[in-house]
Amino acid sequence: MPHSLRRAEALQLIPMPWYLYLALKQLFPTGKRLTFFTVISVLGVTLGVWVMIVFPGVMGGFGHKYRGLIVDTQGDIQVRASGLVRSAEVLQHLAKIPGVIASTPFAEGIVMLSNGNRPSFPGIQGIDLGHVEDVIPLRRHIVRGSLDDLDDDTVILSAGLANSIGAWIGSKVQVVSPATLEKMQRDEVMLPTELTVVGIFEIGHQQLDSSVAIVTLRRMQDLYDLGKNVHGFNVKLSPNEDVIEAAKRINATLPPMSGLRARTWMEANESFLLALQFEKMMVTLITAFVTLVAVFLITSLLLTSIVRRTKEIGVLASLGAKPTQVALCFCFQGMLVGVFGTVLGVTLGLLTLKNVDAILQGLLRIAGDWEAMVAIYQFSQVPAYITASEIVSVCAYVVGLSTLAGFIAAWRAAKLKPVEALRSE
């Protein structure tokens with residue numbers, strides 16, 4: 001069978017219009033190397049999509065990590081008192097509110113903690129061992145020792161704090177609280193409270209890992225002379241519960257004179273979260289313009305391709321091709337470039353996000369800015385997080401722009417008249 005006949009029969013079996021098949025052949029010629037237009041255009045879109053995935057993903061990672069950190073250390077909602085409050089009555093009240101699955105009391109303050117002649121002034125928090133794990137997964141963050149060993153005569157230190165005072169598991173540390181100093185000023189004989197270190201925890205947040213000590217609630221009440229009172233309550237909600245609505249329900253049912261107020265994790269850290277959201281928005285806007293530049297490159301290259309193929313367009317038109325079909329040929333090329341570039345860009349971007357911590361740490365350490373980044377964002381690791389909806393938005397944006405770039409060139413091709421195209425040199 002002649003080769004031309006076999007080719008004709010093969011074309012008849014292709015389940016697509018001829019102009020779409022021609023667009024594919026112009027982008028990916030059979031038996032030849034990829035064209036300059038295909039390589040440059042796909043590469044430009046790939047880099048644009050990569051930027052739109054990686055940079056917002058890193059900024060989104062800080063927000064997601066911070067949200068997880070807050071919930072892991074404070075619960076979904078914190079109910080705080082303007083002064084002191086009895087815990088038993090409030091715990092019973094919180095248990096009756098729809099959406100609340102657990103709550104735990106806490107007391108907190110500042111103490112002087114020393115190991116030998118190495119003093120520090122960390123924050124200290126007293127926890128209720130009977131209920132704390134129902135709300136806060138503290139056991140998950142303990143890297144040395146055990147939460148089971150914590151009692152009224154022991155303490156758990158953050159990793160940075162333990163390192164700064166030279167303490168380790170089994171070390172004896174002395175604790176002096178403001179209540180102790182007040183009693184000493186009244187000429188009462190008061191000695192520092194001695195506690196044994198039974199655990200070291202590390203959360204991944206620079207500030208918390210460098211200046212926090214955890215004791216039992218009873219020990220904290222004794223250090224601060226609180227009696228049976230506490231400072232507030234950490235609350236855990238059902239997985240699908242709306243945090244804002246739950247806080248409103250709690251505030252609506254709390255006694256007006258109690259001085260208690262429920263705040264969501266977002267309210268408690270509003271300024272920092274707003275700063276992260278603004279930074280992510282600006283990064284997304286900048287990367288969107290970077291991709292727009294790549295799309296202009298596609299338009300320029302397609303217009304150049306039309307000039308080079310003017311005679312070919314004239315032949316197609318003289319054979320009966322409609323202007324719409326000629327336009328679709330070039331419009332489809334723009335869309336294909338967008339699709340292939342987006343697939344490659346998303347793949348490369350997700351691989352980069354998976355290894356972004358090692359990559360950025362290496363680059364920032366070479367530049368000498370790693371400590372500055374840790375000081376600003378308070379994280380010892382670079383987080384990365386991007387949602388499926390964000391990836392879909394990026395894909396739709398880039399493919400849409402690429403198709404538009406092809407449409408601009410297609411409009412120019414459709415305007416060519418057959419006779420003028422055939423006379424073109």
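How many salt bridges does the structure hold? The structure holds seven. Before I turn to some of them, please note that this is a predicted model.

Let me begin with the overall picture. The protein has 19 helices and twelve strands. Of its 425 residues, 44% are buried. The accessible surface comes to about 22500 Å², and carbon and sulfur atoms account for 62% of that surface. Among contacts with a separation of 6 or more, 80% are between residues 24 or more positions apart.

Side chains of opposite charge can pair when their charged atoms come close.

Another salt bridge joins the side chains of aspartate 148 and arginine 139, with 3.0 Å from N to O. Here aspartate 148 is exposed, at 59% relative accessible area, while arginine 139 is partly exposed, at 40%.

Lysine 248 forms a salt bridge with glutamate 245, and their closest N and O atoms are 3.8 Å apart. Both residues lie in this helix, three residues apart, which is about one turn. An α-helix has 3.6 residues a turn, so residues three or four places apart point the same way.

Which residues of helix 11 are buried? Across residues 243-253, they are Val243, Ala246, Ala247 and Ile250. Seen down the axis of helix 11, these buried residues fall within an arc of 100°, and therefore they line one face of the helix. The face turned away from the buried side carries the exposed residues Lys248 and Ala252.

Isoleucine 77 deserves a separate word. Setting aside residues up to four places away in sequence, isoleucine 77 touches Val243, Ala246, Ala247 and Ile250, among others, as well as Phe233 and Ala262.

Glycine 232 lies in strand 11. Why does glycine 232 count as buried? The reason is that its relative accessibility is 0%, and the cut-off for buried is under 20%. Beyond its neighbours within four places in sequence, glycine 232 is in contact with Val79, Arg80, Thr104, Pro105 and Phe106.

Aspartate 225 is found in the loop between helix 10 (217-223) and strand 11 (229-237). Most residues other than glycine have a negative phi. The phi of aspartate 225, however, is positive, near 55°. Aspartate 225 is exposed, with a relative accessible area of 54%.

Finally, I turn to the surface. Phe278, Met281, Met282, Leu285 and Phe289 form a nonpolar patch there, with about 520 Å² of accessible area together. Of these, methionine 282 is in helix 13 (residues 270-308) and is partly exposed, at 33%. Thank you for your attention.

Terms used:
Residues are numbered from 1 along each chain as its sequence is written. This is a predicted model: local features need pLDDT of at least 70, side-chain atom pairs count only at pLDDT 80 or more; totals for chains, interfaces and linings use all residues. Side-chain values use heavy atoms; hydrogens and water are left out. Patches are made of residues with over 30% relative accessible area and no salt bridge: like charges are joined within 9 Å, nonpolar side chains (Val, Leu, Ile, Met, Phe, Trp, Tyr) within 5 Å. Accessible areas come from the Shrake-Rupley method with a 1.4 Å probe; for residues, only the protein chains shown count as cover. A salt bridge is a side-chain nitrogen of Lys or Arg within 4 Å of a carboxyl oxygen of Asp or Glu. Helices (H or I, at least four residues) and strands (E, at least two) are DSSP runs, numbered from the N terminus. Buried means under 20% relative accessible area, exposed over 50%, partly exposed in between (1.4 Å probe, protein chains only). Contact means heavy atoms within 4.5 Å. The arc is that of the directions from the helix axis to the C-beta atoms.
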